[in-house]
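Subject: Structure handover

Dear colleague,

The structure we discussed is below. My notes on it follow.

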Protein chains: 2
Amino acid sequence: MIGILGGGQLARMMVLAAAPLGLKCHIYAPEGDNPAFDVAAAKTIAPYEDHAALERFARAVDVVTYEFENVPAKTAEILSSLVEVLPQPCALETTQDRLIEKSFIRDLGLAVPDFIAVDSPESLSKAVAQLGRPSVLKTRRFGYDGKGQVIIKSETNLDEAWAGIGKAPAILEQFIPFEREVSVIAARNALGDVVTYDVCENRHAHHILTETTLPARISAETEQGAKDAASRIGAALNYVGVFAVEFFVGVSGAQEFLLVNEIAPRVHNSGHWTIDGAETSQFEQHIRAISGWLLGSVKRLGRIEMRNLIGGDTDGWHDLVTEPGLHVHLYGKAESRPGRKMGHVTRVTI
Amino acid sequence: MIGILGGGQLARMMVLAAAPLGLKCHIYAPEGDNPAFDVAAAKTIAPYEDHAALERFARAVDVVTYEFENVPAKTAEILSSLVEVLPQPCALETTQDRLIEKSFIRDLGLAVPDFIAVDSPESLSKAVAQLGRPSVLKTRRFGYDGKGQVIIKSETNLDEAWAGIGKAPAILEQFIPFEREVSVIAARNALGDVVTYDVCENRHAHHILTETTLPARISAETEQGAKDAASRIGAALNYVGVFAVEFFVGVSGAQEFLLVNEIAPRVHNSGHWTIDGAETSQFEQHIRAISGWLLGSVKRLGRIEMRNLIGGDTDGWHDLVTEPGLHVHLYGKAESRPGRKMGHVTRVTI
């Protein structure tokens, strides 16, 4: 029995991948619209701070994993005192805080955008003087899908920017005029085996992923460099499970270069294409890794185009479902809201 | 919400196929080891004869389907008075009784082994005199995986054979010295659209399917003939959902010929390869058909080898799971017994 913190679409797709391996899942999530409940063998509805519920949950499962990186430290601590938590809570600690995360990546010898810690209007002002404009102010913690970010443009008032991110501990980051955004989905098991999927090219709108295509339009060296970076990050974190590394690809002269943007210590939206477009999906790979199985083949089956269905996008896909190579995935969410990920569609062209 | 009668692996794989379409499932099954419960949004544990439970179930779902053909007539009647049942109960009536089934197929102009109704020791004796030995005595109803069958060999005592099938209404069937057994998985929706997958070649041991391979080693004409026969059967039954047609392939001189063996009005073991080896699985196709969706592409993705994991066969597959193109499916059954289908493995070679 695999315990999963979180009841959204990532947890749901993990459950659907665990089932063919003969494994059952127990979902732990607070009250709300939790589409993973519909396919889970067991569920606990409780806040992440409910110690008694966490203890009962830990005792009912053989291993705990999660679908989101912002698991409270106390939650992870309670669980890991009773049951194995994978990926290990220390990976969460590293990736939950942008300052620690970027320092960790830089210390591995991997390129990241320049960054400076900011914790007051004064330090923000000094940092902007150093990195120039435009630059990007990001909270150290709890940012996702563009939340907790402000671009410091030439006209931006720094006090307003500081207020805009809630005056929280932050970093100022060099603005990278990138050519494209790419990511690597990687998996690592307890034996230290690592597999990396082909590099995904990602497009965003309003900071939300809209489309992933493969192969990415990058050179073979850049492709290999991104995979190597992911492998090194996985090894350095002694990581067990699936993770994603997001990169900016820039061009300097005739030369492509990679900068690591961030690490997501979980299955990742840019890896959804692997369900239909790779021999082993990222979800199955994650379940294998945390369950002590060997990892599966990451072979890509064709050219890939994955589109998120956001808000009302799910309307109208019925007519396309007869198209060969097109695979529809709806998450079964009760309510559609603007910006909400309702499903995705993958086209595999062989 | 899709209601499914039966909680075994076929129901389980239907649920897993329904989820990506955003559809939930409610499983109705009697007490027992029901692996479909582990992935279902709702469940009813009750006998198939419990009228009150059937009525509550019917009111809780939008459509009812089933994983096995021996749904009691009264159960189907109660359900279909309250909710749509697909495939339609009349398809069950035709296929539940070998005499009706074979007459139906013959009346469509399709070849079947010769058969004679048997309902007494006297009529058995007359039938054997007519069809000769060897021939096969089969109960009209409730036969599966070789249960309810006796081969009448030269030395077989007819009274013992008659006792051996429980003195139940039966047919005596011509013994066909076939070259191979093949099947066609087909789907038909309410619009009358029909799709047929490529022909599967099947091997059995002790009347239980052990292996399915594609392409089948038959001529292009035989392949097309089998698909055409399945389409005609689907149309004649006004069928909605997935069904399988099993054939014997014989050789007469240099000429291959097809005889219909039986119709299975449900997803079928010989179609399990479609999960990994076709663009749309038989399970998704069934859910699409009964949910009013258009049907999906049946394109085969490579050469196929599907093996059932029976009894203790599940041991040892862990070491093979890194093989590219190999997909393991375990059904999560609580207990392994000799002859019990515990999972299957599909190898897709591109």
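What radius of gyration does chain A have, and what would a compact globule with 350 residues have? Chain A has 20 Å, which agrees with the value near 20 Å for such a globule; the radius is taken over C-alpha atoms, and the globule rule is 2.2 Å times the number of residues to the power 0.38.

On provenance and numbering: this is a predicted model, in which local features need pLDDT of at least 70 and side-chain atom pairs count only at pLDDT 80 or more, while totals for chains, interfaces and linings use all residues. Residues are numbered from 1 along each chain as its sequence is written, with chains lettered from A and ligands numbered from 1 in the order in which they are written.

Chain A overall. The C-alpha trace spans about 55 × 50 × 40 Å along its principal axes. Chain A holds ten helices and 17 strands (DSSP runs numbered from the N terminus: H or I of at least four residues for helices, E of at least two for strands). Three domains are given for chain A: domain 1 (2-85), domain 2 (114-174) and domain 3 (180-349), with bounds from an automatic or database domain assignment. Between the C-alpha centres of domains 2 and 3 of chain A there are 28 Å.

A sheet in chain A. Four strands form an open antiparallel sheet in the order β5-β8-β6-β7; two strands pair if DSSP finds at least two bridges between them. β5 (115-118) and β7 (149-152) of chain A are the edge strands, each with a single partner, so one side of each has no neighbour in the sheet. From one strand to the next the twist averages 25° (axes are lines fitted to C-alpha atoms, for helices over the stretch in contact; angles run from 0 to 180 degrees between N-to-C directions). Strand β6 (135-139) of chain A is joined to β7(A) by four bridges, and Ser135(A) has Ile152(A) as its bridge partner.

Helix α5 (98-107) of chain A packs on this sheet, touching β5, β6 and β8 (170-174) of chain A, at about 45° to β8(A); contact means C-beta atoms, placed from the backbone, within 7 Å. Helix α6 (121-131) of chain A lies across β5, β6, β7 and β8 of chain A and runs at about 170° to β5(A).

A helix in chain B. In α3 (73-80) of chain B, Thr75(B), Ala76(B), Ile78(B) and Leu79(B) are buried (20 or more other C-beta atoms within 10 Å of a residue's own; exposed is 12 or fewer, partly exposed in between). The face turned away from the buried side of α3(B) carries exposed Ala73(B), Lys74(B) and Glu77(B).

Regards

Terms used:
Two residues are in contact if their C-beta atoms, placed from the backbone, lie within 7 Å.
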